[in-house]
Structure formats: structure tokens, C-alpha cells
Amino acid sequence: MDTRIRRVTLFAGHYGSGKTNIAVNYAQMLRAGGKQVVIADLDIVNPYFRTKDSTELLESEGIQIISSEFANSNVDLPALPSELYGAVENRLRYAVLDIGGDDRGAYALGRFAPYILEENDYEMVFVANFCRPLTRRAEEALEVMREIETAGGIGFTAIVNNTNLGRETTVETVLESVHEARRLSELSGLPVLFTSAEDRVARYLKLPDVFPMTLQKRYFDIN
């Protein structure tokens, strides 16, 4: 995996792309490396795969977690806790932000964009799952990318290939997505930061920059 680490790392993508699992595992990786880490859940849309589901685990590892109490409500743009601003403004800690799905979920990011852009020490990562109905092709994924950028006010800087079918994911599932990931990289001009997969699949992938993950428990409960 590319070793460049920015102080603020944001993960965004299409609904069901798996960005929350990546955000959780990425925060754990940073913490294991001795960094002070805070993970902020800005996903105000998705009622299933949320960072808050891993609160107990993350806190036991010394990772602070911040999320909105109005997440999953019917409020179009809910009030966000003041701690979220601190996560972005406190430059002594590394911040991982889990951004809501698609352009609607990215609107909350616009509130923090000025702080992030001013510091200019961030990675805005598009999480691509080429098994999802609306992002099976690179051109479709690029369209989603542009919508999120417009809504959130921050351009993407990298791509993560997180193609999966939940518990039905195989090595072949991931390998068959490599071409589309490269196509998306070519179309967008952005590098593929890494290819992520659950541990049981990642160990058999003969690809550069593989990021093995442990999936959230609730992920298995639902799928």
C-alpha cells in the first residue's frame, strides 16, 4: 500500500461501496502505528453500515469516535456536533472521516471543506465497488465521483478499489475489477491508492498495495 499518510483522510463513494469498513480499518491501522486518531462519522444517510456500530471496539483501541445524534433521521441536513470541527481543526491528531453515500451524503462535508483545504494535508478517497448496480463501469463511477465533489466542495485525490459482494466475495470477484479500477484511474487522472478486501480474500490476492480488512460485525448481521 502507498505509504503516504495525510493528517486528514476522507472516504466517500456510492451507497454500499464499503467506505465505512475501510474508514474503520484505516483508523485502526493509523492507531497501530502509534498515531493519535479520531474517526468522524459524517454518514447522515445510510442506516446500516455506520462507523458508530464499531464504537466499543474503536474506543477500546484508544480511537475517539464522533458521530451525529441525528444520523438516519428525516432531517435533510442535521445539526452536527461541535466535536466534528475539532476533529478537523486539531492538527495534533490524525482524522479519518466517513462521508455519506453519493452527493446527498456529501453535503455535510461542505461545512468542513474550508478548514481542510486551508491546511492542505488531506487525502480525499473515492471508494469504488464495481459490483454495485450504478457503478459497474468506470464511466459510471466517474459520474458519481463528480457529483460528490460538487456537493462536498473537495476534489478527490485518490481511488480505492473495494469491489466486493459481501460474504460471497471471492478472489476472482476482486481480480475481475482490476481493469475497471485502472480505467477509472485513467479517466480521472487519480492513482489507485490500494485494493481492499476482507482478510480471508486479501491473503490470496497477488496484487500490489493490498489492504486487508476485518469487517464490522453488523455488516455480517445484515448481509
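## Ring pairs and salt bridges in a predicted model

Phe126 and Phe156 are both buried, where buried means under 20% relative accessible area, exposed over 50% and partly exposed in between (1.4 Å probe, protein chains only). The model is predicted: local features need pLDDT of at least 70, side-chain atom pairs count only at pLDDT 80 or more, and totals for chains, interfaces and linings use all residues. Residues are numbered from 1 along each chain as its sequence is written, and side-chain values use heavy atoms, leaving out hydrogens and water.

The protein chain has ten helices and eight strands; these are DSSP runs numbered from the N terminus, helices being H or I of at least four residues and strands E of at least two. Of its 223 residues, 53% count as buried.

The aromatic pairs number four. Rings of Phe, Tyr and Trp (its six-membered ring) pair if their centres lie within 6.5 Å, with planes under 30 degrees apart counted as stacked, over 60 as edge-to-face and the rest as tilted. Phe126 and Phe156 form an edge-to-face pair, 5.3 Å centre to centre with 85° between the planes. Phe126 lies in strand β5 (residues 122–128) and Phe156 in the loop between α6 (138–152) and β6 (158–161), so this pair ties together parts that are 30 residues apart in sequence. Phe194 and Phe211 make a tilted pair, at 4.7 Å centre to centre and 45° between the planes. Here strand β7 (residues 192–198) holds Phe194 and strand β8 (residues 210–213) holds Phe211, so the parts tied together are 17 residues apart in sequence. Phe194 is buried at 1% relative accessibility, and Phe211 is buried at 6%. Ring pairs also link Phe11, Tyr26, Phe194 and Phe211 into a cluster.

Side chains of opposite charge can pair when their charged atoms come close. The count of salt bridges is seven, each being a side-chain nitrogen of Lys or Arg within 4 Å of a carboxyl oxygen of Asp or Glu. In one of them, the closest N and O atoms of Arg183 and Glu139 are 2.3 Å apart. This pair links distant parts of the chain, with Arg183 in helix α8 (residues 178–188) and Glu139 in helix α6, 44 residues apart. Arg183 is partly exposed at 25% relative accessibility, as is Glu139 at 30%.

Within helix α6, Glu149 and Arg146 are three residues apart and therefore separated by about one helical turn; their side chains meet in a salt bridge of 3.1 Å, N to O. Glu149 counts as buried at 17%, whereas Arg146 is partly exposed at 35%. Arg7, Arg91 and Glu119 are linked in a network of salt bridges.
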